[in-house]
Amino acid sequence: MRDADKVTTFIERWMKEQAAGAGARGIVVGLSGGVDSAVAAALGRRAFGRDMLAIIMPCHSLPGDEADALLVAGALDIPHRTVELTAAYDALVLGMKAAGVEPTDLAGANLKARLRMSTLYAAAQTLSLLVCGTSNRSEYETGYFTKFGDSAADLLPLADLLKCEVRAAARVLGVPERIVAKAPSAGFWEGQTDEGDMGFTYDDLDRYLSDGTARDGPFRERVEAMRRRSGHKRLPVPICVPRV
């Protein structure tokens, strides 16, 4: 595992370069109450001072997640706002039902992620900021993210970091230990966890991605199948070029 101090310093510098290249003042990031968004927000705070904004976006969310997001914002003095999306989500789902297209549970969960990203982009355009994504390498390689939802961003500072490296960075950055030790979850419903959805632990996945442990057997097959199925999420949208 790479040195967390050096990694965080490198990412801070890289984020400044990305913003300068785009003519932006800083970043806006969704603060969920999890460790990934906490690390992204903390890095943004260090890189841009108060020229950044964290937005907490409850949407039929668990009360504990909003409390944890506020804990991070308070502990690290991160500029933040709360935008309640529940009414907007309910209105959209009601409209879809009226049109005869009722979202499945999974489609509804992904809709929450896409509403949040729309909110971040509206804020970014208004405030001359870049949208900062929070996906780590473990999620990115297996496709454990919502296409055009939490994966839609102007920069992905954590996408080369394994989950264990994100946790190490969190401790260097002063993220409260409660957040670092919290079971990773998208918070879509009570009891939902990332590891429960994936069917394996982040520790096992990190070992596999870093050194090829468990190259054979069911674990390897499951991870590689996830990579194949999610390949379209990591590619640009296909463009048809008629050759006539």
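These legends describe close-up views of a predicted model.

**View 1. Four strands form an open sheet.**
The strand order is β3-β2-β1-β4, and the pairing is parallel. β3 (80–82) and β4 (129–131) stand at the edges. Each has a single partner strand, so one side of each is left without a neighbour in the sheet. Direction ignored, neighbouring strands are turned by 25° against each other on average.

**View 2. Strand β1 pairs with β4 and with β2.**
β1 spans residues 26–30. Its parallel pairing with β4 runs over 3 bridges. Here glycine 26 stands opposite leucine 129 of β4. Helix α2 (residues 35–48) packs on the sheet and touches β1 and β2 (52–56). The direction of α2 makes about 160° with that of β1. Parallel pairing also joins β1 to β2, over 4 bridges. In that pair, isoleucine 27 stands opposite methionine 52 of β2.

**View 3. Strand β2 is covered on both faces.**
How many of the residues of β2 are buried? The count is 5 of 5, and the strand is mostly covered. Met52, Ala54 and Ile56 lie on one side. Leu53 and Ile55 lie on the other. All of these residues are buried.

**View 4. Helix α2 packs against helix α7.**
The two helices meet at an angle of about 45°, with their axes 9 Å apart. That angle makes α2 oblique to α7. The crossing is left-handed. From α2, the contact residues are Val35, Asp36, Val39, Ala42, Leu43 and Arg46. From α7, they are Lys163, Val166, Ala169, Ala170, Val172 and Leu173. By class, the contact has 9 nonpolar, no polar and 3 charged residues.

**View 5. Helix α4 packs against helix α5.**
α4 covers residues 86–98, and α5 covers residues 105–127. Their packing angle is about 130°, and their axes are 11 Å apart. This makes α4 oblique to α5. α4 passes α5 in a right-handed crossing. Tyr89, Leu92 and Val93 are the α4 residues in the contact. They meet Gly108, Leu111, Lys112 and Leu115 of α5. By class, this contact has 5 nonpolar, 1 polar and 1 charged residues.

**View 6. Aspartate 68 is a buried residue of helix α3.**
Is aspartate 68 buried or exposed? Its relative accessibility is 4%, so aspartate 68 counts as buried. Which residues does aspartate 68 touch, not counting those up to four places away in sequence? They are Gly33, Arg178, Ile179 and Lys182.

**View 7. Alanine 75 lies in helix α3.**
The helix spans residues 63–75. Alanine 75 has 47% relative accessibility and therefore counts as partly exposed. Proline 176 is 101 residues away along the chain. The C-alpha atoms of alanine 75 and proline 176 are separated by 7.2 Å.

**View 8. Lysine 16 sits in helix α1.**
α1 runs over residues 4–22. Lysine 16 counts as partly exposed, at 43% relative accessibility. Not counting residues up to four places away in sequence, lysine 16 touches Ala47 and Phe48. Leucine 162 is 146 residues from lysine 16 along the chain. The C-alpha atoms of lysine 16 and leucine 162 are separated by 22 Å.

**View 9. Aspartate 77 has a positive phi.**
The value is near 55°, in a residue other than glycine. Where is aspartate 77 placed? The residue is in the loop between α3 and β3. At 43% relative accessibility, aspartate 77 counts as partly exposed.

**View 10. Phenylalanine 148 also has a positive phi.**
Phi is near 60° in this residue, again one other than glycine. Phenylalanine 148 lies in the loop between α6 (137–142) and α7 (163–173). Its relative accessible area is 51%. The cut-off for exposed is over 50%, so phenylalanine 148 is exposed.

Terms used. Residues are numbered from 1 along each chain as its sequence is written. This is a predicted model: local features need pLDDT of at least 70, side-chain atom pairs count only at pLDDT 80 or more; totals for chains, interfaces and linings use all residues. Side-chain values use heavy atoms; hydrogens and water are left out. Axes are lines fitted to C-alpha atoms, for helices over the stretch in contact, and angles run from 0 to 180 degrees between N-to-C directions. Angles under 35 degrees count as roughly parallel, over 145 as roughly antiparallel, 65 to 115 as roughly perpendicular and the rest as oblique. A crossing is left-handed if the near helix is turned anticlockwise from the far one by less than a right angle, and right-handed if clockwise. Contact means heavy atoms within 4.5 Å. Ala, Val, Leu, Ile, Met, Phe, Trp, Tyr, Cys and Pro count as nonpolar, Asp, Glu, Lys and Arg as charged, and the others, Gly among them, as polar. Buried means under 20% relative accessible area, exposed over 50%, partly exposed in between (1.4 Å probe, protein chains only). Two strands pair if DSSP finds at least two bridges between them.
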